[in-house]
Amino acid sequence: MVVVDKGLLAPVRAGVPVERLVSDDAWLEAMVEVELALARAQARLGIIPAEAVGRISTAVREHRWDTRAIAEAARGAANPVVAFVQQLHRAVAEVDPTAADQVHWGSTSQDILDTATMLIAARALSAIIADVEATVDALGRLAREHRDTPVAARTLGMHAVPTTFGARVAVWMQGLLDARDRLRRVRDHGLPVQLGGAAGTSASYVECARGSGGELATAPAAQIYTRLSDEFAAELSLAPIDAPWHSVRTPIADLAAVLALTSGALGKFAVDVIAQSRTEVREVAEPGAAGRGESSAMPQKRNPVLSTLIRAAALQVPALSSTLYAAMLAEDERSPGAWHAEWQPLRECLLLVGGSAHTAAELAAGLTADSGRMGRVLALSRGQVVSERLSIRLIPLLGRTEAKKALQSAAFEAEARGRSLAEVLAENPAVRRHFDPDQLARLLRPEEYLGVAPDLVDRVLGRA
């Protein structure tokens, strides 16, 4: 048997916990859990005999599932549930033919697969949240340590004004905290069970209840539906529903949104580490490990591979999540194709974000910052990185046009002649009338023009 995907082309998730959580076997196990939860909920309401649940559970426990056979048979029905239920029915029939008739009682394929998908998502999101929180904790220690360490802020790739490295780390944390909060919200409140029967009317569930002779046999249809859906949700610790969402794919869209946002927040962290790891910058370095970062051709290289994996994932997730949004165009009561188009992109998003978050936790825990190197890089502009401050001081004295002209010409001359901005400005008579050389030098010290950068660290740490 050929296994197509062992992770060879997806190193970001190869061997990380999320692979096990969203594997084919995990999805099959989730479908088993959903069928058992439905049977338990129905038994509790007297829709099927209580003893049937025990026999179904025994059959499930003893049965060896053939995931590949189910996958191949799924081509016949365009979804894996039909073949799965056939296997499940045969397995229960071997234990108790009567109990086998209560398997999948009143249900439909989409109820089972959608609910299993929500179970899978809940478990994957929990793993992602744990890794995001570990990343935030590690970055928090780094931000606290470098709260006041000056570093050059960059806009459009160029030195802009001074900031602190702690503030830069706090920006990474801010995005990850936003992602964490949204991940929690979706996991805790946005993953509902699916229960609608063949076309969302739940007529089959109502009919099963009315034919059971149980407590709901004479109850109104709405009461039967509410009681069953609430019991079903409680069994699986998923959100209850007011109505089926067979063709209203809001839960999937919410997952797409939060996964894309999380991959972007992780990717922001990664791209900054890549930029600051460049040979000519070297302000930060990834944690080392045997064989990590090696080149097949250049023995001197130590590539930022953890950041590379995270960035690669962040570049893929938005396109995959867009497919999930496109699948919202689900016609009628069940779509031929749109529902089916969700499955693989959603799993790939969970794999990529799960692998990315796990990698980010490792990166953050071992990331080292070179404050000495940051100071030397900051000094490269010889004071020009603080020219905004001097501009603010000169405009009231010289006027906006003259102040800009004086500073710009001085900056160009300082760059051309390899001199400090303070030295060149001190030779300008208009500037010299207001500031002596010592005052100019003081005004152009990066460590004295940090604004609230250190305080931003405190605010983000407080949130974390």
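Helix 2 spans residues 24-44 and has 21 residues. From its first C-alpha to its last it reaches 30 Å, close to the 30 Å expected at 1.5 Å a residue. That expected span is 1.5 Å times one less than the number of residues. Helices here are DSSP runs of H or I with at least four residues, and strands are runs of E with at least two, numbered from the N terminus.

This is a predicted model, in which local features need pLDDT of at least 70, side-chain atom pairs count only at pLDDT 80 or more, and totals for chains, interfaces and linings use all residues. Residues are numbered from 1 along each chain as its sequence is written, and side-chain values use heavy atoms, without hydrogens and water.

Is helix 2 mostly covered or uncovered? It is mostly covered: 15 of its 21 residues are buried. Buried means under 20% relative accessible area, exposed means over 50%, and partly exposed lies in between (1.4 Å probe, protein chains only). Just after helix 2 comes G46, with a positive phi of about 75°.

Now look at the interior. In soluble globular proteins, nonpolar side chains tend to be buried together. The largest nonpolar core here has 117 residues. Such a core is a set of buried Ala, Val, Leu, Ile, Met, Phe, Trp, Tyr and Cys residues joined through side-chain atoms within 4.5 Å. V22, L125, L191, F232, L259 and F269 have the most contacts inside this core. Helix 7 (residues 109-145) supplies the largest share, 18 residues. A second, separate core has 24 residues, including A152 and L390.

What does L191 touch? Leaving aside neighbours within four places in sequence, L191 is in contact (heavy atoms within 4.5 Å) with M118, A121, A122, L125, V186, L238, A239 and L255.

Next come two strands. Strand 1 (residues 150-155) runs antiparallel to strand 2, and five bridges join them. Strands pair if DSSP finds at least two bridges between them. R154 stands opposite H159 in strand 2. The two strands form a hairpin with two residues between them. In the turn, L156 has a positive phi of about 55°.

V161 sits in strand 2 (residues 158-164). V161 is partly exposed, at 24% relative accessible area. Beyond residues up to four places away in sequence, V161 touches V151, A152, A153, V385, E388 and Y449. V161 and E388 are 227 residues apart along the chain, yet their C-alpha atoms are separated by 7.4 Å.

Finally, an unreviewed UniProt entry annotates residues 382-461 as "domain: Adenylosuccinate lyase C-terminal". UniProt positions follow the numbering used here, feature names are shortened, and annotations may be inferred rather than shown by experiment. Over residues 382-461 the chain is 70% helix and 0% strand. The end C-alpha atoms of this stretch are 32 Å apart.
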